[in-house]
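Hi everyone, thanks for making time. I'd like to walk you through one model today, so let's get it up on the screen.

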Amino acid sequence: MSAEQVTTRRATGVAGAVSILDNFGYRLQRVPLHILIIIFCAVWVIPTIGMILNSFRALPDMQAAGWWTTLFPPHGFTLASYQQVLNIEGMVPSIGFSILITIPATVIQLSIATMGAYAFAWMKFPGRNLFFIVIVGLMVVPIQMTLIPVLQFFKFVHLNGTIPAVWLAHSGYGLPFEVFLLRNYLGGLPREIFESAEVDGAGHAVRFLRIAVPMTLPAIASLVIFVFLGIWNDLLVALTFLGVSPYRPLTVVITGLVTSFGGGWQFLTAAAVLQMSLPLAVFIFLQRYFVRGVTAGSVKG
Amino acid sequence: VAGITPDQIITAVVAVVGVPLVLLGYIILGEQVIERLPDRIQGWIRPYFWALPAVGFATIFMVYPLIRTVIISFRNSADTDWIGWANYKYFFTFPDTLTSLRNSLLWLVFYTFFAVFFGLVIAILVDRVRYETIAKIAIFLPVPISAVAASIIWKFMFDYQPPGAPQTGTLNALLSVAHHDPVAWLVNSTTNNAALIFVGIWTATGFAMVIISASLKAISSEVLEAARIDGANEFQIVRLVVTPLLWPTITVVGTTMIINALKTFDIVYVMTNGAYNTDVIATQMFSQLQHSHYGRAAAVGVVLFLAIVPLLVVNIRRFQQQEEQR
């Protein structure tokens, strides 16, 4: 007897009515569940949508009524805020500085981390565990604890207020976590591959470059996204080492404007949208890598 | 503010291409030399050679500064003389710094609890509906957004206009619909810390949810089925079966949140800059740093570090346990 026949026969009988009621009762029970989820989603999404809508409004409109008025005509959308923001002196270069800071800092730290992680994963040496425990500990050390001496160090080597200083600082702060993560990944690769390569006469350089690095690429890809966005979104490191220099990145410039504008700060919504459009695009298009990177980072403080 | 100079672009390109090439050269040339050494010396020198760049960076930018900060915290602003515990005394007696300490404790308790709690609740709820993926994307959306952008987003939520004027802030507009007087969320000292902490929770919940959800999926359906057959209702299943099984994950997420709470800087700095008694330890430290009170700033840093030490120990223990299982 097919399933179809069962349902038609039941639907005509008393049992059918009961089952429909049951089903209805089950759905009714689930209404609070749906309402709760929708409330959570609304609270987590609406603020962002409201701000994005506001960024397409004229400043007087923003000051006269909330973002929700744009949902009904006349919408009053305009690019005025974007024009105004891009006309602020230094705003366009700051986007460039953000890129000039982020890309090299990501490349530098990940290439050093991969090499270090290989040593910790595939070489035995006295003090290896101790070194590694120190690295695990360093992952949660607040960078506040290091800012003053690093600032003094940069002054001493005449790097203070330059972009390379921020590369180095970010690299230093990011390395413990990256070495930790890559070492765990590398250490999980099958031992036989490395052993047979060794038997074939491949030295460590070959084993690292031909086997370890290509096999670690998935982990490195997730890390690239995680690290890149971390630096792109960073405020504290840039503020400390570039706060008064001419090479301030986007986050620092926006923050400076927000805190210095009394009224009329609302047009800075456009700047915020510009700043977050890159992370959001990465999240939307590379979702799987992004979430993997974030979950892998769950051990990091 | 200056424009970008060609020099800066060239330096950046050189760094992006050059650093990996230099490391490549370091590895190949170094190995050439090491391979010619006697076996015994090879085994001794090679690991240090490979670990050197990473360990060197960590030493220059983390280990050495850590020690140096402790030293600076016992010295005067100009770093010319020892002044004993004076910087710490200042921290634990001056009203402003005590406020920042209190606020950091508020962050520690409420941010940690609610980020984990909401993460857990949402993970469990969305597990029961068909639109799980979309709901999770919605909750995760604030995670990639920087604290700077999130602060501007929430400035609109908390915006305040005097009573009678049209309310442009979402929350006060809702209050005016309910015929309630508008609240100056970020100025009023009974609401402002809660408001800032909520922004923090908003940015962190998605992270907690994703991790908790991943281990929720790992719970076998047989366990849940057995509980249902034994007559447990959904609430009992969540309370007595799911939550205990998720406990290890909850503690991992919880420790991460505690560390985040103690390090909180961006949201407070951008939204109020510590005004109206919203200072936290990290913003307090930064303002001391900006006023070149290096000794005091270092003392604040040390206090922050000491607060994190227990978690550091927990992290190392957990790592050692994982190592034994490998």
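This is a predicted model: local features need pLDDT of at least 70, side-chain atom pairs count only at pLDDT 80 or more; totals for chains, interfaces and linings use all residues.

Residues are numbered from 1 along each chain as its sequence is written, chains are lettered from A and ligands numbered from 1 in the order in which they are written, and side-chain values use heavy atoms, with hydrogens and water left out.

Okay, the interface. We have 115 residues of chain A in contact with 111 of chain B, where contact means heavy atoms within 4.5 Å. The two chains bury about 10100 Å² between them, 80% of it on carbon and sulfur atoms; that's accessible area with a 1.4 Å probe, lost on putting the parts together and summed over both. In chain A, Trp44(A), Met115(A) and Met145(A) lose the most area to chain B, together 9% of what that side buries.

How many salt bridges does the rule find across this interface? One, and it joins Arg183(A) to Glu323(B) at 2.8 Å, N to O. The cut-off there is a Lys or Arg side-chain nitrogen within 4 Å of an Asp or Glu carboxyl oxygen. Helix H5 of chain A, residues 91–122, gives the largest share of the side of chain A that touches chain B, with 15 residues; helices here are DSSP runs of H or I, at least four residues, numbered from the N terminus.

Next, the core. The largest nonpolar core has 202 residues, and among those with the most contacts inside it are Tyr118(A) and Met257(B). By core I mean buried Ala, Val, Leu, Ile, Met, Phe, Trp, Tyr and Cys joined through side-chain atoms within 4.5 Å. H5(A) supplies the largest share of this core, 16 residues.

Now some single residues. Thr99(B) sits in helix H4 of chain B and is buried at 17% relative accessible area; buried is under 20%, exposed over 50%, partly exposed in between, with a 1.4 Å probe and protein chains only. Its side chain reaches the backbone oxygen of Pro95(B) at 2.9 Å.

Last, backbone angles. Most residues other than glycine have a negative phi. His158(A), though, has phi near 55°, and is exposed at 70%. Asn273(B) has a positive phi too, about 50°, and is partly exposed at 42%.

How values were computed. Helices (H or I, at least four residues) and strands (E, at least two) are DSSP runs, numbered from the N terminus. A polar contact is a pair of N or O atoms within 3.5 Å; within protein, one must be able to donate a hydrogen and the other to accept it, and residues adjacent in sequence count only if both atoms are side-chain atoms.
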